[in-house]
Amino acid sequence: MNYQRWLRGFSVYAALVCGWHAYVTYAGSPSPFEMLLGGATRRNGGGGIYGGVYHK
Amino acid sequence: MAGETQVPSEPAGESVKALRCPSCGAAVTLRAKGQSLAVVCASCHSILNTQTETPTVIGDQGSARNVKPPIPIGARGKLHGETFEAIGYLRRSDGSGNYRWDEVLLWNPMRGFRWLHVYNGHWTLFTMLTTKPSREYRAASYNTQRFALFEKGKARVIAVHGEFYWRVRVGDETEVEDYVAPPFILSQEREGYDEITWSLGEYVEPEEIAAAFGLTTPLPRRVGVAPNQPNPLSGIGPELMQYVAIALLVVALFHFFFSGEDRELMAARFHYQAGITPATWISPSFDVYGTHGNVGVGLATQVEFDNNWAEFEVTLVDENSGATFAGAREISHYSGRDSDGRWEEGGSRNGIVIGGVPAGRYHVEIDPILGDGLRQVDVGVRAVRGAVVWANTVLAMLAILLFPLAAGMQHSSFESQRWQSSDYTPSGGKAE
């Protein structure tokens, strides 16, 4: 089978996606879209690049 | 190629014969005695007729004598479980002379002849057929397998080395038709009106050729996609979809088992009037429990705005440490009418998810900013622990589905590269 390498590649890729999803779901993280829209970040003691983006 | 496959009766070792070139006097070895009708003198490059008692010169290769075979004449190699010896070599070109390829004639006294074609670094092992494939409109069938017409054209001999089972000459020309069903290819050669030969070829990986013949010099790199080169992703569909289904199931399980419980912590309403009420509304205090998870703050206005907006700066304040989590959300509603009829966008709700909020006592502060002409607003506020974030799950599922999409595109791209060099289409049509 010539496509075994692709299947192995998919297994690694899917494991990474599932790992990321498990982490953000467990942590209750906002979605990346929400972060880009100006999602809530911890202002004191945490910070974050989206903090302070409030006004239109 | 012309002639038919014949399995000689002589055992290996007794089929070699030594001749003397009538042109230069050099010794000429005939490796398939009784089968070969022509041999090229390695010394003066005269083409000799070996059917007569004493060889006679029937041709010369002229300027093509310095062309080197990709597999040396006399080299032996095991292909598909059988040992073959390279005894002849042709370089051929199409009618225009723009495309050139090499053909190596292989010989096994018990198995007969085979041909190895190499073009742009792609190798195909051909066996001549004794049964004729059936032809259809721009297709051919052999052993229940259907082959699509790939190309029609001429093949002209431009260089020869070694020996052949017909009286080969430089300049010999045949009509060729190729039909493909990767990794197989059916090739028809027609010389005149009555001499038709069919051969069945199978793609061979270059590494297999190098290993079989013990070739130490690197083989030419593969260029493009060969007509019968197997698509690396051919047949991946069912197995890949099983993998994808498992991955999607895992994501769904994570979502249902790991997502928060969406428990309400606080619910309140406030009225804001610009310049009258305080600029910041402060919610009642509430306890956040648990070691991990988010806090979601939902906002809803009592009525939809009439082509207006309001922005709410939301701050979750940890009353013990003073740490704050901040963000902003807009609620807007617009409507109107255009040539397509009535349109509407926005709504009366929005929310914010604040990730990684530790346990503690908190309250929410909200600073409304109203759009032009908007003086007051009634807002409902709800805070929950463990707000379910569907977007992350949808994103993970899309990321997983991206892979089969990429595989499908790669498969299509390979096929389109294959058919780029054809005048026809896989379905039997004529390419534009």
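Is B:Lys154 buried, partly exposed or exposed, and at what relative accessibility? At 35% relative accessibility, B:Lys154 counts as partly exposed. Buried here stands for under 20% relative accessible area and exposed for over 50%, with partly exposed in between (1.4 Å probe, protein chains only).

## Before you start

This is a predicted model, in which local features need pLDDT of at least 70 and side-chain atom pairs count only at pLDDT 80 or more, while totals for chains, interfaces and linings use all residues. Residues are numbered from 1 along each chain as its sequence is written, chains are lettered from A and ligands numbered from 1 in the order in which they are written, and side-chain values use heavy atoms, with hydrogens and water left out.

Chain A has two helices and one strand. Read from the N terminus on, its elements follow the order α-α-β. Helices (H or I, at least four residues) and strands (E, at least two) are DSSP runs, numbered from the N terminus. Chain A has 56 residues, and 38% of them count as buried.

## Where the two chains touch

Let us turn to the contact between the chains. Chain A brings 37 residues to it and chain B brings 53 residues, where contact means heavy atoms within 4.5 Å. The size of an interface is often given as the accessible area lost when the parts come together. Between chain A and chain B the buried area is about 3,900 Å², and carbon and sulfur atoms give 64% of that. Buried area is the accessible area (1.4 Å probe) that two parts lose on being put together, summed over both.

Seven residue pairs are in polar contact between chain A and chain B, both residues being at pLDDT 80 or more. On the side of chain A that touches chain B, the elements giving two or more residues are helix H1 (4–27), helix H2 (32–36) and strand S1 (41–42). H1(A) gives the most, with 17 residues. By type, the residues on this side of chain A are 19 nonpolar, 14 polar and four charged. Here Ala, Val, Leu, Ile, Met, Phe, Trp, Tyr, Cys and Pro count as nonpolar, Asp, Glu, Lys and Arg as charged, and the others, Gly among them, as polar. A polar contact is a pair of N or O atoms within 3.5 Å; within protein, one must be able to donate a hydrogen and the other to accept it, and residues adjacent in sequence count only if both atoms are side-chain atoms.

## Salt bridges

Side chains of opposite charge can pair when their charged atoms come close. A salt bridge is a side-chain nitrogen of Lys or Arg within 4 Å of a carboxyl oxygen of Asp or Glu. Over all chains the structure holds 17 salt bridges, with zero between chain A and chain B.

B:Lys154 pairs with B:Glu175 in a salt bridge (2.7 Å, N to O). B:Lys154 lies in strand S13 (residues 145–164) of chain B and B:Glu175 in strand S14 (residues 173–181), so the pair ties together parts that are 21 residues apart in sequence. Elsewhere, B:Glu85 and B:Arg76 meet in a salt bridge (3.3 Å, N to O); B:Glu85 is buried at 9% relative accessible area, whereas B:Arg76 is exposed at 56%. Together with B:Arg31, B:Arg76 and B:Glu85 are linked in a network of salt bridges.

## Two cysteines

A disulfide is a pair of cysteine sulfur atoms within 2.5 Å, and the count over all chains is zero disulfides. B:Cys21 is buried at 3% relative accessibility, and B:Cys44 is buried at 14%.

## Two histidines

B:His122 sits in strand S10 (residues 122–128) of chain B and is buried at 5% relative accessibility. The C-alpha atoms of B:His122 and B:Ala226 are separated by 6.3 Å, although the two residues are 104 residues apart along the chain.

B:His363 belongs to strand S25 (residues 360–370) of chain B and is buried at 11% relative accessibility. Its side chain makes a polar contact with the side chain of B:Glu319 (2.7 Å), and another polar contact, of 3.0 Å, joins the side chains of B:His363 and B:Glu365.
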